[in-house]
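Subject: Structure handover

Hello,

Here is the structure I said I would pass on. Please look through it when you have time; my notes come after it.

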Amino acid sequence: MDEKPIDKQDILDELEKLHSLDHNYADGRILGSMCTEAHPFAKEVYCKFLDTNLGDPGLFKGTKQIENRVIKSIGELLSLDNAYGNIVTGGTEANLMAIRAARNHARKYKGITDGEIIIPDSAHFSFKKAADMLNLKIVEAKLDENYKIDVESVRDAISDKTVAIVAIAGTTELGLIDPIGEISKIAHENNIYFHVDAAFGGFSIPFLKRAGYDLPVFDFSLEGVCSITVDPHKMGLAPIPAGGIIFRKEEYLDVMAVDSPYLTVKTQSTIVGTRLGASSAATYAIMKYFGKEGYTKIAQNLMENTRFFSQNLKEMGYEIICEPELNIVAFNHPQMDAHALAQKLEGLGWKVSVAKCPVAIRVVLMNHIKKNHLEELLKDLKEIL
Ligand SMILES: *Cc1c(COP(=O)(O)O)cnc(C)c1O
């Protein structure tokens with residue numbers, strides 16, 4: 001730290017210079033990110049709530065009510081009338097809370113002390129962090145030929161140490177939806193906690209269904225589903241950080257509660273102590289602002305861009321890994337290896353991401369990627385061919 005105070009303008013100049021090194025969503029060149037530019041209204045609300053602390057909700061009763069309302073609305077979107085949960089920093093923290101709830105629940109009610117979690121090969125790496133922190137063993141379920149969780153391999157993986165089964169509604173790499181109904185049945189029959197990671201799909205699947213898209217049921221209407229992760233900071237257009245964890249029952253929060261002696265509440269179930277109320281307020285505002293109608297339009301528009309892009313790639317001779325279910329297209333060049341193609345695209349100024357299973361270029365069609373950007377990208381891809 002400097003000894004003497006520095007003039008504000010000098011500080012801002014230095015920060016601005018560094019900020020200019022960042023990539024900009026508005027350029028439409030960021031192809032592999034699941035985040036996007038937040039809506040200006042959400043950002044405006046966010047700034048008004050920067051000093052609120054939901055870690056001490058007795059002091060911020062109004063903001064706590066906002067969080068409760070957001071959780072209720074997201075719960076309703078997921079077919080749950082009385083939802084419990086929190087707005088947290090993102091999908092990672094939401095998944096961590098779900099797995100912690102499952103572990104503690106199994107420890108309390110089944111006496112399991114060395115638990116295992118069953119996750120598909122396609123699961124987000126946040127589950128590896130969760131297993132590491134919570135001292136759980138990961139048992140990987142196989143994927144079928146369509147890159148979705150293989151139901152039989154989940155059944156085979158169950159043991160008397162299983163504390164949770166995880167399935168994905170909108171995989172990080174391919175945007176695919178696992179057969180959640182079937183897994184829910186297996187989990188329910190075996191009395192095992194079932195978590196659905198809809199970090200990516202949560203803010204689009206319900207709206208696409210409304211628009212008539214034929215997508216599988218993934219929510220609390222399936223009796224085996226105990227919790228769902230949904231990220232407002234992806235297709236919800238809320239500012240970072242905003243993740244959502246929704247629990248079916250309050251007891252899943254109760255099993256995580258620890259005493260919080262110096263605060264206005266006696267116990268705390270979240271992982272984080274001091275935590276932003278701004279994320280809840282901004283998420284609340286943007287959900288009200290768009291409504292189901294607005295989000296449906298956004299989701300449909302993203303799917304139209306997805307179709308446009310994948311259709312054109314196919315016509316040009318690129319190989320699509322799978323028909324997109326959500327707004328992700330993964331593809332390969334007929335001859336060139338994915339990493340080599342990625343390098344070529346990077347050379348042309350595109351920020352690309354390479355999926356690992358299977359290895360392919362992965363484009364996440366978020367709001368900042370407009371039709372004209374896709375046309376430019378297709379032109380570049382044609383030249384590469
Ligand atoms: C994005 C994502 C996560 C992680 O969310 P963060 O907000 O980056 O912590 C977890 N699971 C899935 C399926 C995701 O798409």
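The notes below go through a strand, the ligand site, some backbone details and the aromatic rings. Please keep in mind that this is a predicted model.

Strand 7

Strand 7 covers residues 243-247, and five of its five residues are buried. Gly 243, Ile 245 and Phe 247 point one way from the strand, while Gly 244 and Ile 246 point the other way. Strand 7 pairs with two strands that I looked at. With strand 1 (residues 84-88) it runs antiparallel, joined by five bridges; here Ile 245 is the bridge partner of Asn 86. With strand 6 (residues 225-230) the pairing is also antiparallel, over four bridges. In that pairing Ile 228 has Ile 246 as its bridge partner.

Ligand site

The shell around the ligand has 16 residues, of which Gly 91, Thr 92, Asp 197, His 233 and Lys 234 come nearest. By class, the shell is made up of nine polar, four nonpolar and three charged residues. Helix 4 (residues 91-110) gives the largest share of the shell, with three residues.

- Asp 197: a polar side-chain atom lies 2.6 Å from a nitrogen atom of the ligand.
- Asp 231: an N or O atom of the side chain is 3.0 Å from an oxygen atom of the ligand.
- Thr 172: a polar side-chain atom lies 3.3 Å from an oxygen atom of the ligand.

The ligand taken alone exposes 380 Å², and the protein buries 86% of that.

Backbone details

One joins Ile 240 and Pro 241, with omega about 0°; Pro 241 sits in the loop between strand 6 and strand 7. Another runs from Cys 357 to Pro 358, with omega near 0°, and Pro 358 lies in the loop between strand 12 (353-356) and strand 13 (359-364).

Positive phi values turn up at residues other than glycine. Tyr 147 has phi near 65° and is found in the loop between strand 3 (137-141) and helix 6 (151-157). Its relative accessibility is 24%, so Tyr 147 counts as partly exposed. Asn 191 has phi of about 55°, and its place is in the loop between helix 7 (180-189) and strand 5 (193-198). Asn 191 counts as exposed because its relative accessible area is 57%, where the cut-off for exposed is over 50%.

Aromatic rings

The structure holds nine aromatic pairs. Phe 290 and Tyr 295 form one that is tilted, at 5.1 Å centre to centre and 55° between the planes. Phe 290 has 17% relative accessibility and therefore counts as buried; Tyr 295, at 2%, counts as buried too.

In another pair, the rings of Tyr 318 and Phe 331 have their centres 5.6 Å apart and their planes at 90°, so this pair is edge-to-face. It links distant parts of the chain, 13 residues apart: Tyr 318 is in the loop between helix 10 (278-316) and strand 10 (319-320), and Phe 331 is in strand 11 (residues 328-332). Both Tyr 318 and Phe 331 are buried.

Finally, there is a cluster in which ring pairs link Phe 41, Phe 203, Phe 207, Tyr 289, Phe 290 and Tyr 295.

Regards

Methods
Residues are numbered from 1 along each chain as its sequence is written. This is a predicted model: local features need pLDDT of at least 70, side-chain atom pairs count only at pLDDT 80 or more; totals for chains, interfaces and linings use all residues. Side-chain values use heavy atoms; hydrogens and water are left out. Buried means under 20% relative accessible area, exposed over 50%, partly exposed in between (1.4 Å probe, protein chains only). Two strands pair if DSSP finds at least two bridges between them. A residue is near a molecule or strand if one of its heavy atoms lies within 4 Å of it. A polar contact is a pair of N or O atoms within 3.5 Å; within protein, one must be able to donate a hydrogen and the other to accept it, and residues adjacent in sequence count only if both atoms are side-chain atoms. Accessible areas come from the Shrake-Rupley method with a 1.4 Å probe; for residues, only the protein chains shown count as cover. Ala, Val, Leu, Ile, Met, Phe, Trp, Tyr, Cys and Pro count as nonpolar, Asp, Glu, Lys and Arg as charged, and the others, Gly among them, as polar. Rings of Phe, Tyr and Trp (its six-membered ring) pair if their centres lie within 6.5 Å; planes under 30 degrees apart count as stacked, over 60 as edge-to-face and the rest as tilted.
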